[in-house]
Amino acid sequence: MIQALSALFFVSDIAASLLGIYLAPLPWEVRELLEIGATLGLLFGIGLGGMLLGRLLRERNLAQERLRRASGAFMDLLEERFGEWALTPAERDVALFAIKGMSTSEIAMLRATSEGTVKAQTNAIYRKAGVTGRPQLLSLFIDDLMRDDVTDQIRPRAAAAVPAGPTAVAA
């Protein structure tokens, strides 16, 4: 708001001069004070804008770091589940591509195999994971991530609610 008013002062002064609009002259002391105030307002706006930009950049960097960690946690979870299900290296590749949302034909093209081979591998993956299709497979990982996130949030609260030692009950 201060920046807008300051800019309006300078722009209206210049526009009045260019358009030949005659304004009653102000005493030079008042005019100088108005110009100094407008300049300070603009400088204050620049400083505040810089501070806000710095804050936004820090928040963006923090969000990117959290995303990187979440991505790493997801990959760790994938590897853990793939190991539990005893997937072969080929099945691991196919499962990863399927979770990424690729179609059977896209997976076959990437792996340089036939679509029939990819279908057989996906069926083996679903059988080993105990699911009936791709949506359920993806749901397993989402549930695991959400459970870990919720568990991490609940643990500190639950620990604070539990008394430290045994309590005596009055008879």
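Reply: E80 counts as partly exposed, because its relative accessibility is 43%. The model is a predicted one. E80 pairs with R81 in a salt bridge whose closest N and O atoms are 3.0 Å apart. R81 has a relative accessibility of 14% and is therefore buried, the cut-off for that class being under 20%.

R81 also meets the side chain of E84 in a salt bridge, with 2.8 Å from N to O. Both R81 and E84 belong to helix α2, which covers residues 28-84, and they sit three residues apart, about one turn of the helix. In an α-helix there are 3.6 residues a turn, so residues three or four places apart point the same way.

A further salt bridge joins the side chains of D93 and R111, at 3.8 Å from N to O. D93 is in helix α3 and R111 in helix α4 (residues 104-111), so this pair ties together parts that are 18 residues apart in sequence. D93 is partly exposed at 36% relative accessibility, and R111 is also partly exposed, at 22%. As for shared partners, salt bridges join E80, R81 and E84 into one network. The count of salt bridges in the model is seven.

Helix α3, residues 89-99, has several buried positions: E91, V94, A95, F97, A98 and I99. Just after α3, G101 adopts a positive phi of about 95°.

Methods: Residues are numbered from 1 along each chain as its sequence is written. This is a predicted model: local features need pLDDT of at least 70, side-chain atom pairs count only at pLDDT 80 or more; totals for chains, interfaces and linings use all residues. Side-chain values use heavy atoms; hydrogens and water are left out. Buried means under 20% relative accessible area, exposed over 50%, partly exposed in between (1.4 Å probe, protein chains only). Helices (H or I, at least four residues) and strands (E, at least two) are DSSP runs, numbered from the N terminus. A salt bridge is a side-chain nitrogen of Lys or Arg within 4 Å of a carboxyl oxygen of Asp or Glu.
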